[in-house]
Amino acid sequence: PITYPMTKVMMRALTPVLRVTLTLLLCVSATGKATSSKECHNPISQLLKTRAGGMTCRHIPGGETGQLPSLPKPTLTNPITWLSNLGTRAGDVGADALAGAGAAMVAYTIATPFETIKTVNQIDGGRTRTAVKNVVNRGGKRSLMSPVKAMWLSGVPYSMLLYSVYRPLKAATRRAANRMHPDGEASRGEVFAADLVAAAGAELIGLVAYTPGELVAKRMMADPTRYPGTFSALRSIVSEKGVKGIFTGLGACLARDLPYTALQFAIFDALASKVMAAHGDEDAPKLRFSESLMIGAGAAVVASTATLPIDAIKSQMMLATEKIRIPALVSKVLADEGPSAFFRG
């Protein structure tokens with residue numbers, strides 16, 4: 001939520017010519033003659049015109065309204081309109097994916113040393129300062145950043161899938177929520193629930209790409225000398241346990257990351273909507289970067305705190321030398337270290 005808006009604006013800045021072209025194509029199909037984008041009154045063309053001329057930052061993965069333009073059925077009379085709409089949707093999804101990749105590179109680079117300290121703290125216990133010393137003693141200061149390639153391997157494809165899928169899913173779940181009411185407008189609570197479902201669905205898809213890299217990263221964080229590199233770690237895991245071995249901890253990832261992402265995105269969208277409503281600009285709602293930063297940080301704190309016990313279980317599962325089920329692991333940690341072990345890090 002913090003790095004995504006900046007990257008999204010950069011991606012939007014690269015495609016103004018394409019969007020103006022699509023707008024004019026829509027005008028040709030709607031009126032039968034070439035016209036300027038200002039004279040075109042096709043609703044979808046107006047949407048494209050706004051995007052082409054605006055450089056408006058979409059403050060959240062769901063866009064300004066969370067809705068996508070309806071895609072008309074292809075016919076003999078409007079093939080250009082249909083293809084232009086399809087191209088626009090594909091461009092939006094592609095921009096979301098590339099923006100997500102750029103945001104992931106920045107975010108995971110910054111987060112790697114802190115994630116390393118947190119993982120070691122969850123395994124060894126003690127204070128944060130002790131965890132830092134343990135990390136440095138095991139592999140030197142460089143070990144704080146040694147898992148960064150594994151973090152990129154997991155985070156970049158994961159973010160590309162997550163951010164490109166979330167917006168269409170959110171549009172679909174909000175439409176479904178609106179259909180349940182005679183007046184066609186869902187309540188705030190129902191919109192929040194719809195966003196939860198959409199974020200959880202996007203997370204479910206993204207985790208398939210995320211788990212292998214996360215497994216390697218966790219193991220390199222706990223023991224920097226265990227593998228010489230990220231890809232050699234993947235080869236070693238596959239040679240030992242087969243392809244299914246790189247998905248060790250997928251169940252724990254699902255248990256932790258589904259509620260984490262659902263809470264984070266839904267809270268962000270809800271707070272962002274309230275802040276924009278306070279601006280009083282309903283036609284072109286915008287969120288300042290400073291506001292996005294504060295809302296994103298607040299949403300992340302709430303979601304991280306709520307799911308920290310599950311995150312501790314996930315770390316234990318990924319670092320276990322033998323296969324162990326979640327209930328058995330929870331019982332073992334409770335018996336050996338007590339409930340406080342689930343809130344380390």
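Visitor: Why is Asp-311 called buried?

Guide: Asp-311 has 1% relative accessibility, and buried means under 20% relative accessible area, with a 1.4 Å probe and protein chains only, so Asp-311 counts as buried. This is a predicted model, in which local features need pLDDT of at least 70 and side-chain atom pairs count only at pLDDT 80 or more, while totals for chains, interfaces and linings use all residues. Residues are numbered from 1 along each chain, and side-chain values use heavy atoms, without hydrogens and water.

Visitor: Which residues does Asp-311 touch, not counting those up to four places away in sequence?

Guide: Asp-311 touches Lys-118, Gln-122 and Arg-256, where contact means heavy atoms within 4.5 Å.

Visitor: What makes helix 6 roughly perpendicular to helix 8?

Guide: Helix 6 (residues 148-179) and helix 8 (residues 230-241) pack at an angle of about 70 degrees. Angles of 65 to 115 degrees count as roughly perpendicular, so helix 6 is given that name relative to helix 8.

Visitor: Which residues make the contact?

Guide: Helix 6 contributes Lys-149, Ala-150 and Leu-153, and helix 8 contributes Thr-230, Phe-231 and Leu-234. They divide into 4 nonpolar, 1 polar and 1 charged.

Visitor: What does Val-216 touch, not counting residues up to four places away in sequence?

Guide: Val-216 touches Ala-150, Thr-230, Ala-233, Leu-234 and Ile-237.

Key
Axes are lines fitted to C-alpha atoms, for helices over the stretch in contact, and angles run from 0 to 180 degrees between N-to-C directions. Helices (H or I, at least four residues) and strands (E, at least two) are DSSP runs, numbered from the N terminus. Angles under 35 degrees count as roughly parallel, over 145 as roughly antiparallel, 65 to 115 as roughly perpendicular and the rest as oblique. Ala, Val, Leu, Ile, Met, Phe, Trp, Tyr, Cys and Pro count as nonpolar, Asp, Glu, Lys and Arg as charged, and the others, Gly among them, as polar. Buried means under 20% relative accessible area, exposed over 50%, partly exposed in between (1.4 Å probe, protein chains only).
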